[in-house]
Amino acid sequence: AAVAWASRAASASRAPVPASSNRPAASATVLEDPSKVDRSAAYAARYLAKNVVAAGLARRCTIQLSYAIGVSQPLSVYVDTHGTGKVAEAKLEKAIAKVMDLSPRGIRTHLNLNRPIYARTSAYGNFGRAPDKDGGFSWEKTDLSKALKAAVK
């Protein structure tokens, strides 16, 4: 049987870099709605990577989430701290799965993606922008850093 995979990775770093130099799979996010795991997983990977960095668990972080059709939880959660991690990457992978529901529905709920917030992403990109007061760009928040820190202890 054939298995279709959706794999999304996103990076975060303490160094100020333009959004275009980050490595998320932004091309897959432009025309899709948030119910598609391509878009929501890219946002979740970015969100989690930023929170790993904000928690001080690494100076750089790339997170990859891989999904299969018909399976709600990711088949794999991969963390690469590019040699800057203060915690083992395997420990971070477990902590990430513990602090956030990574099902497509869980991601949409956690990041509040089921709202008309996507028109503004068509100019200047999806990543590297400050979260809006109305909840836009929620994947740029770092409100999960304390929970991640607690989960790796």
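Start with β2 and β3: the two strands run antiparallel and are joined by five bridges. Strands pair here if DSSP finds at least two bridges between them. Helices (H or I, at least four residues) and strands (E, at least two) are DSSP runs, numbered from the N terminus.

Before moving on, note that this is a predicted model: local features need pLDDT of at least 70, side-chain atom pairs count only at pLDDT 80 or more, and totals for chains, interfaces and linings use all residues. Residues are numbered from 1 along each chain as its sequence is written, and side-chain values use heavy atoms, with hydrogens and water left out.

**Along β3.** Select Q64 and Y78. Y78, in β3, is the bridge partner of Q64. Now show the side chains of β3. V77 and V79 point to one face and are buried. Buried means under 20% relative accessible area, exposed over 50%, and partly exposed in between (1.4 Å probe, protein chains only).

**Past the strand.** Select H82, in the loop between β3 and α2. H82 is not a glycine, yet its phi is positive, about 55°. Its relative accessible area is 26%, so H82 is partly exposed.

**Into α2.** Select L92, a residue of helix α2. Is L92 buried or exposed? L92 counts as buried, because its relative accessibility is 0%. Leaving out residues up to four places away in sequence, L92 touches V52, L57, V79, T81, V87 and V152. Contact means heavy atoms within 4.5 Å.

**The core.** Select V52, I63, L65, I96 and M100. These have the most contacts inside the largest nonpolar core, which has 34 residues. Such a core is a set of buried Ala, Val, Leu, Ile, Met, Phe, Trp, Tyr and Cys residues joined through side-chain atoms within 4.5 Å. The elements giving it two or more residues are α1 (37–54), β2 (60–68), β3 (76–80), α2 (89–99) and α4 (145–151). The largest share, ten residues, comes from α1.

**Helix α1.** Of its 18 residues, 16 are buried, so α1 is largely enclosed by the rest of the structure. After α1 comes G56, with a positive phi near 80°.

**Last stop.** Select N112, in the loop between α3 (104–110) and α4. N112 is a residue other than glycine, and its phi is positive, near 55°. At 42% relative accessibility, N112 counts as partly exposed.
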